[in-house]
Amino acid sequence: MSQVVIENPIINSPYDEPSRHFRFTDEGITNDVVDGRRISSYFIPIARPKKKGKQQLQFDTEWTQDRIEENKLVNDIRRRVAMWRKGGYVGVTPTTARLLAYWTDPNRGKKLFFCQNEALETAIYIAEVARKYNDSWIENSLREANDTSNPGLPRTAFKMATGSGKTVVMAMLIAWHTLNKRANPQDARFSDTFLIVTPGITIRDRLRVLLPNDPENYYRLRDIVPAQYLDQLGQAKIVITNYHAFQLREKVAAGKITKSILTGSVAGVAVQPSPFTETPDQMVRRVCRELSTKKNIIVLNDEAHHCYRRKPDGEDEALTGDDRVEAKNRD
């Protein structure tokens, strides 16, 4: 692949929808600028056979046109949201209308990036508007995808580039839900209770800016909501934790032999539930104690690319070396 030097890679304003992009060819990226926003797509890597003695699987990463796969659902949703944006955000609650006007005000002192506004526009369109304008196919497509990968646990992901301000987007999501719930407590589409899960304690501590009572909270520093709404926002229940907190903990210290006898272990595998370890219910009460008896909890999973599904039983045995270690750590 030939190397291309792009003197100035910034060809769009971060505050407006992208209107130009660099063209890709079979040789890779070029410095030719094309009008229009690049469609959402990805390149399919082709695996090469492992070389003898190599632990890592190698991939052929040439970016040829025949390896480009369009993210059709993303592009279809993006087009519908763009049409709705240009039409003036019709079909939303009065609270949502005020927030959208506040976030997109061209005279804002602390302007939000286009990608941040578009993320919220997409969430709002799916939750409040799509069904009204015969776009229930969006919700149906998301449900079908979840049933394939996460049956019983519906999830929606917002994929944003590093540095594009996803913490601000989380603050916007919390504000949108909470203020709508305070305005209309009976509206089941909204919630004022949030569980934020992070991949580690460092990021957990950084996300204290999402707590309305924190001195450095983003709602005030980044001007997410008008000052008169800060008191209402402060009534939200928010718990921030790292995913390690969901691991079952030992309640009582005991020796290995004692545990083996009391659990009827066979070859190191407990036959009966361990009386020394939390039950899942006890773990949930520990982690979510501050949420009390709240229902309709919204879970925000920060750094979602750290999430993996468990590999099918026995699949790890086919792995070797670093690949096997990584799979076991992931589980």
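Trainee: What does the protein average in pLDDT?
Mentor: The protein averages a pLDDT of 83, and 77% of the residues score at least 70. The term pLDDT stands for the predictor's confidence in each residue, on a scale from 0 to 100. This is a predicted model, in which local features need pLDDT of at least 70 and side-chain atom pairs count only at pLDDT 80 or more, while totals for chains, interfaces and linings use all residues. Residues are numbered from 1 along each chain as its sequence is written, and side-chain values use heavy atoms, with hydrogens and water left out.

Trainee: Where is confidence lowest, and where is it highest?
Mentor: Confidence is lowest in helix H11 (residues 321–330), with a mean of 47, and highest in H2, with 98. Over residues 314–327 the pLDDT is below 50, and beyond near neighbours in sequence this stretch has 18 contacts in the model. Contact means heavy atoms within 4.5 Å.

Trainee: How many helices and strands are there?
Mentor: The protein has 11 helices and nine strands. Helices (H or I, at least four residues) and strands (E, at least two) are DSSP runs, numbered from the N terminus.

Trainee: And how much of the protein is buried?
Mentor: Of the 331 residues, 33% are buried. Buried means under 20% relative accessible area, exposed means over 50%, and partly exposed lies in between (1.4 Å probe, protein chains only).

Trainee: Which residues of the largest nonpolar core touch the most other members?
Mentor: They are Trp84, Trp103, Trp176, Tyr219, Ile224, Val225 and Ile238, in a core of 46 residues. A nonpolar core is a set of buried Ala, Val, Leu, Ile, Met, Phe, Trp, Tyr and Cys residues joined through side-chain atoms within 4.5 Å. In soluble globular proteins, nonpolar side chains tend to be buried together.

Trainee: Which element supplies the largest share of this core?
Mentor: That is H5, with 10 residues. The elements that each supply at least two residues include helix H1 (72–86), helix H3 (114–129), helix H5 (166–183) and strand E8 (237–242).

Trainee: What is isoleucine 224 in contact with?
Mentor: Leaving aside neighbours within four places in sequence, the contacts of isoleucine 224 include Leu99, Trp103, Val168, Met172 and Tyr219.

Trainee: Let us turn to helix packing. How do H1 and H4 cross?
Mentor: The axes of H1 and helix H4 (residues 136–149) come within 11 Å and cross at roughly 155°. H1 is therefore roughly antiparallel to H4. Axes are lines fitted to C-alpha atoms, for helices over the stretch in contact, and angles run from 0 to 180 degrees between N-to-C directions. Angles under 35 degrees count as roughly parallel, over 145 as roughly antiparallel, 65 to 115 as roughly perpendicular and the rest as oblique.

Trainee: Is that crossing of H1 and H4 left-handed or right-handed?
Mentor: The crossing of H1 and H4 is left-handed. A crossing is left-handed if the near helix is turned anticlockwise from the far one by less than a right angle, and right-handed if clockwise. Leu73, Asp76, Ile77 and Arg80 of H1 make the contact with Trp137, Ile138, Ser141 and Leu142 of H4.

Trainee: What about H1 and H3?
Mentor: Their axes come within 10 Å and cross at roughly 90°, so H1 and H3 are roughly perpendicular to each other. Residues that meet there include Val81 and Trp84 in H1 and Phe114 and Tyr125 in H3.

Trainee: And H3 with H5?
Mentor: The axes of H3 and H5 come within 9 Å and cross at roughly 35°, and the crossing is right-handed. Among the residues in contact are Leu120 and Ile124 of H3 and Met172 and Trp176 of H5.

Trainee: New topic: where is tyrosine 89 found?
Mentor: Tyrosine 89 is in the loop between H1 and H2. Although tyrosine 89 is not a glycine, its phi is positive, at about 60°. With a relative accessible area of 16%, tyrosine 89 is buried.

Trainee: Is asparagine 134 buried or exposed?
Mentor: Asparagine 134 is exposed, because its relative accessible area is 69%. Asparagine 134 lies in the loop between H3 and H4 and also has a positive phi of about 60° without being a glycine.
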